[in-house]
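This report covers helices, the nonpolar core, salt bridges, backbone geometry and one surface patch. Please keep the sequence and the 3D view open while reading.

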Amino acid sequence: MVFAADWAGFAQQVVGGLASGGIYAMLALALVLIYRSTGVVNFAQGEMAMFTTFLAWALVQHGVGYWGAVALTVLIAFAGGIALERVIIRPVERAPALTIAIVTLGLFFLLNGAAFWIWSPEQKYLRSAFSTRPVEIAGVQISIQDLGVIAVAVAAATLLAVLFRFTKVGLAMRAVVANPDSSRLLGIRVGWMLALGWGLAAALGSVAGLLTASPSFDQSFMQPVLLYAFAGAILGGIDSALGAVVGSLLLGVFLNVVTSLDTLGLGWTIDNDLRLPAALAVILLVLLIRPSGLFGTAQVTRA
């Protein structure tokens, strides 16, 4: 077998795919958080992450230490997500889903244009959160950066799961998503729970942006990542947090392996430029074969 002959190389590609999938998973979780509360995909999720990454770069340029800039950026992203929901989304929250989707598209162009105007289109450089030095595990050379990204993704998903399952705020947010009218009768502040969901989504997106940006980035660097995250969320189930994580990890491994087949001993390969079309093909196939995804809730209609 080809893979048996080069199992170390295959393992490296799998770990690299899990690292990429971990980044997609954080953005996919952000998409799921907002989808479950509004019923639409937030097309501006990637640009929100891009904008906060530029904020982190600006903080570093003004003398703030890297980790201090990261912490401030996540907090700013959280507050900014709440503010966006209060100012932009709340006035149209009872409008048709198409209206909200168009508003998020407008937000996409607004944030992208603002980033060009404030920071100019030149490439920016930001250090990596983790060393690129490889370590050997079971005879396989694995980058510390890949391991760090996977650890951050697992930690983010775990913290989110703990929040929603074991805290009063998380349970209130779940109740609002399930039945906002009944939640109001129980005294839950539905509007603020929705705003908190936007804040959490923005914070998750900011972490994904910071992990993606290294070593260089510009105003368009999160656009393909958003599509990969969307494909992962569709694969796992757009209304399932677990599905978003699993689907994104599977997608990351799949894309990494199929674009590295030549290095694994096969005589052919899929060009790296085809990663994005491959992700779009995944979206199409899932929507055709299983629209609810692997873990999503199937829609039941009465005859």
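Helix H3 is mostly covered, with 13 of its 17 residues buried. Buried here means under 20% relative accessible area, exposed means over 50%, and partly exposed lies in between (1.4 Å probe, protein chains only). The model is a predicted one, in which local features need pLDDT of at least 70 and side-chain atom pairs count only at pLDDT 80 or more, while totals for chains, interfaces and linings use all residues. Residues are numbered from 1 along each chain as its sequence is written, and side-chain values use heavy atoms, with hydrogens and water left out.

Helices (H or I, at least four residues) and strands (E, at least two) are DSSP runs numbered from the N terminus. The expected span of a helix is 1.5 Å times one less than its number of residues. H3 covers residues 45-61, and its end C-alpha atoms are 25 Å apart, which agrees with the 24 Å that its 17 residues should span at 1.5 Å a residue. After H3 comes glycine 63, with a positive phi near 95 degrees.

Helix H9 (residues 190-213) has 24 residues. From first C-alpha to last, H9 reaches 35 Å, close to the 34 Å expected. Because 22 of the 24 residues of H9 are buried, this helix is largely enclosed by the rest of the structure.

**The nonpolar core**

A nonpolar core is a set of buried Ala, Val, Leu, Ile, Met, Phe, Trp, Tyr and Cys residues joined through side-chain atoms within 4.5 Å. The largest one has 75 residues, of which Leu33, Trp119, Leu160, Leu204, Phe217 and Met222 touch the most other members. H9 gives the most to this core, with 13 residues. In soluble globular proteins, nonpolar side chains tend to be buried together.

Contact means heavy atoms within 4.5 Å. Leaving aside neighbours within four places in sequence, tryptophan 119 is in contact with Phe51, Phe54, Leu55, Trp57, Ala58, Lys124 and Gln219.

Isoleucine 283 is found in helix H12 and is buried, at a relative accessible area of 11%. Not counting residues up to four places away in sequence, isoleucine 283 touches Leu227, Phe230, Ala231 and Ile234. The C-alpha atoms of isoleucine 283 and glycine 232 are separated by 8.2 Å, although these residues are 51 apart along the chain.

**Salt bridges**

The structure holds 3 salt bridges. A salt bridge is a side-chain nitrogen of Lys or Arg within 4 Å of a carboxyl oxygen of Asp or Glu.

| Glutamate 85 | Arginine 86 | 3.1 Å |

Glutamate 93 is partly exposed at 27%, and arginine 90 is partly exposed at 36%. Aspartate 181 is exposed at 52%, while arginine 184 counts as partly exposed at 37%.

Aspartate 181 and arginine 184 both lie in helix H8, 3 residues apart, about one turn of the helix. An α-helix has 3.6 residues a turn, so residues three or four places apart point the same way.

**Backbone exceptions**

Most residues other than glycine have a negative phi, and most peptide bonds are trans. Serine 120, which is not a glycine, has a positive phi of about 70 degrees. Serine 120 lies in the loop between helix H5 (97-119) and strand S1 (124-125) and is partly exposed at 25% relative accessibility.

Serine 214 and proline 215 are joined by a cis peptide bond, with omega about 0 degrees. Proline 215 is placed in the loop between H9 and strand S4 (216-217).

**A surface patch**

Leu242, Leu250, Leu294 and Phe295 form a nonpolar patch on the surface, with about 380 Å² of accessible area together. Patches are made of residues with over 30% relative accessible area and no salt bridge; like charges are joined within 9 Å, and nonpolar side chains (Val, Leu, Ile, Met, Phe, Trp, Tyr) within 5 Å. Accessible areas come from the Shrake-Rupley method with a 1.4 Å probe, and for residues only the protein chains shown count as cover. Phenylalanine 295 sits in the segment after helix H12 (275-289) and is partly exposed, with a relative accessible area of 40%.
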